[in-house]
Amino acid sequence: MPVLEDEEIDNDVGDDRRARSYREEQQKKAQLQQQRQEEELRRQEELQMRQAQDRQRKQQAAKDLQRRVAIKALEGNEAGAVEELAKHPGTAAKVAGKKIVRQALLALLEWALPFLLIVLGIILVVVIVIVVAVYECNSTSWHGRLAQVSSTVVGFFGGPDFCAYFKDFKGVGTFIDQAQIPSPGGPGGGRCVPVTSGPATVANLSQTCFGANAQQASSIANVESGGNPLAHGDQCADGSYASWGLFQINISANSIAGLDCPSAFDKPANSASLIDPVANIYDCHVVNPALYSACVSAARDPATNIQAACQISSNGTNWRPWGANSICNF
């Protein structure tokens with residue numbers, strides 16, 4: 001037994017020595033790898049530093065060459081300037097190349113700038129003409145009508161009928177002539193589909209002055225009022241409302257049922273009197289309550305409202321005065 005114990009102790013000692021030797025070997029390998037990495041990093045840094053110094057020397061040499069050549073040229077010593085360039089062919093070529101490129105760019109800019117300004121001016125004039133044409137050719141104001149008549153006369157004599165190109169810009173009248181009908185959406189919720197029930201259905205409107213245009217008329221009524229004859233919108237500053245009924249007829253700007261409804265207000269609810277675009281409130285006030293009440297009653301009557309809408313839309317052929325048409329685009 002004692003002999004066995006001594007053997008076990010020897011084995012343990014041997015294992016410890018081997019483990020210690022293995023750890024030392026691994027430490028040496030790690031240290032060697034770290035040293036190699038540090039040396040490689042130092043070599044890269046030195047290489048980058050040498051490259052940067054080399055670039056700086058070349059740049060400085062080019063500058064010095066330029067200065068010497070410029071001095072000799074100013075002194076009138078052309079032969080000396082050529083000689084300086086001949087001494088440094090590589091640097092001279094670079095200097096000359098950069099100078100040529102700069103001169104070419106400046107010459108190109110000097111040549112092209114006037115033409116560029118002319119082209120930009122033409123584009124600006126064309127854009128202004130198009131904007132004015134779209135505005136006037138879709139306006140129901142006196143100057144808009146004058147522009148449209150002038151365009152027709154010019155076209156008759158063989159010139160360009162410019163309004164013919166812009167008359168189909170749907171919805172432009174919404175922003176120009178808001179004196180007739182309220183802004184898009186109204187109480188109807190903004191869906192441009194025909195009404196499914198009530199007096200503004202396609203079936204009912206087809207029996208009125210709208211005729212074949214009943215589907216468009218029903219869709220406009222749905223956007224404006226949701227088909228509700230009692231709907232109202234375009235609030236005046238005094239709390240009254242200017243637009244009423246199926247088609248939201250603006251009684252502050254339109255007569256209805258033979259009533260001079262605009263006389264019931266101090267001014268119409270339109271773009272000129274809009275004071276709160278978010279709440280859709282206008283700087284208008286009722287000045288004749290009795291007439292206002294009569295006009296509201298007439299506008300809330302479906303048949304009367306439909307008749308007024310027919311007159312304003314030319315029996316459903318012109319929906320530009322309605323804000324809803326910016327959604328429907330008829």
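Cysteine 209 is partly exposed, with 28% relative accessible area; the classes are buried under 20%, exposed over 50% and partly exposed in between, computed with a 1.4 Å probe on protein chains only. The model is predicted: local features need pLDDT of at least 70, side-chain atom pairs count only at pLDDT 80 or more, and totals for chains, interfaces and linings use all residues. Residues are numbered from 1 along each chain as its sequence is written, and side-chain values use heavy atoms, with hydrogens and water left out.

The partner of cysteine 209 is cysteine 310, to which a disulfide joins it with an S to S distance of 1.8 Å; a disulfide here is a pair of cysteine sulfur atoms within 2.5 Å. This pair links distant parts of the chain, with cysteine 209 in the loop between α7 and α8 (214-225) and cysteine 310 in helix α10, 101 residues apart. Helices (H or I, at least four residues) and strands (E, at least two) are DSSP runs numbered from the N terminus. The torsion about the S-S bond is about 95°, so the link of cysteine 209 and cysteine 310 is right-handed. Cysteine 310 has a relative accessibility of 2% and therefore counts as buried.

The chain as a whole provides the setting. Its secondary structure consists of 11 helices and five strands. Of the 330 residues in the protein chain, 30% are buried. Among contacts with a separation of 6 or more, 62% are between residues 24 or more positions apart, where contact means heavy atoms within 4.5 Å. The protein chain exposes about 20,500 Å², and carbon and sulfur atoms supply 59% of that area; accessible areas come from the Shrake-Rupley method with a 1.4 Å probe, and for residues only the protein chains shown count as cover.

A search of the whole structure finds four disulfides. One of them joins cysteine 192 to cysteine 328, with an S to S distance of 2.0 Å. Cysteine 192 lies in the loop between α6 (172-176) and α7 (202-205) and cysteine 328 in helix α11, so that the pair links distant parts of the chain, 136 residues apart. With 125° about the S-S bond, the link of cysteine 192 and cysteine 328 is right-handed. Cysteine 192 is partly exposed at 23% relative accessible area, whereas cysteine 328 counts as buried at 12%.

Another disulfide is formed by cysteine 261 and cysteine 295, whose sulfur atoms are 2.1 Å apart. Cysteine 261 lies in the loop between β3 (249-250) and β4 (274-276) and cysteine 295 in helix α9 (residues 289-300), so the pair ties together parts that are 34 residues apart in sequence. The link of cysteine 261 and cysteine 295 is left-handed, with -105° about the S-S bond. Cysteine 261 is buried, with a relative accessible area of 0%, and cysteine 295 counts as buried at 1%.

Aromatic rings form a further set of links. A pair of aromatic rings is described by the distance of the centres and the angle of the planes. The rings of Phe, Tyr and Trp (its six-membered ring) pair if their centres lie within 6.5 Å, and planes under 30 degrees apart count as stacked, over 60 as edge-to-face and the rest as tilted. The structure holds seven aromatic pairs. In one of them, the rings of phenylalanine 247 and tryptophan 319 have centres 6.4 Å apart and planes at 10°, so the pair is stacked. Phenylalanine 247 lies in the loop between β2 (241-244) and β3 and tryptophan 319 in the loop between α10 and α11, so this pair ties together parts that are 72 residues apart in sequence. Phenylalanine 247 is buried at 0% relative accessible area, and tryptophan 319 is buried at 3%. Phenylalanine 247 also forms an edge-to-face pair with tryptophan 322, at 6.5 Å centre to centre and 75° between the planes. That pair links parts of the chain 75 residues apart, with tryptophan 322 in the loop between α10 and α11. Phe210, Phe247, Trp319 and Trp322 form one aromatic cluster.

Aspartate 234, in strand β1 (residues 232-236), has a positive phi near 55° in a residue other than glycine, and is buried with a relative accessible area of 4%. Asparagine 315, in the loop between α10 (302-313) and α11 (325-328), likewise has a positive phi, near 60°, but counts as partly exposed at 39% relative accessibility.
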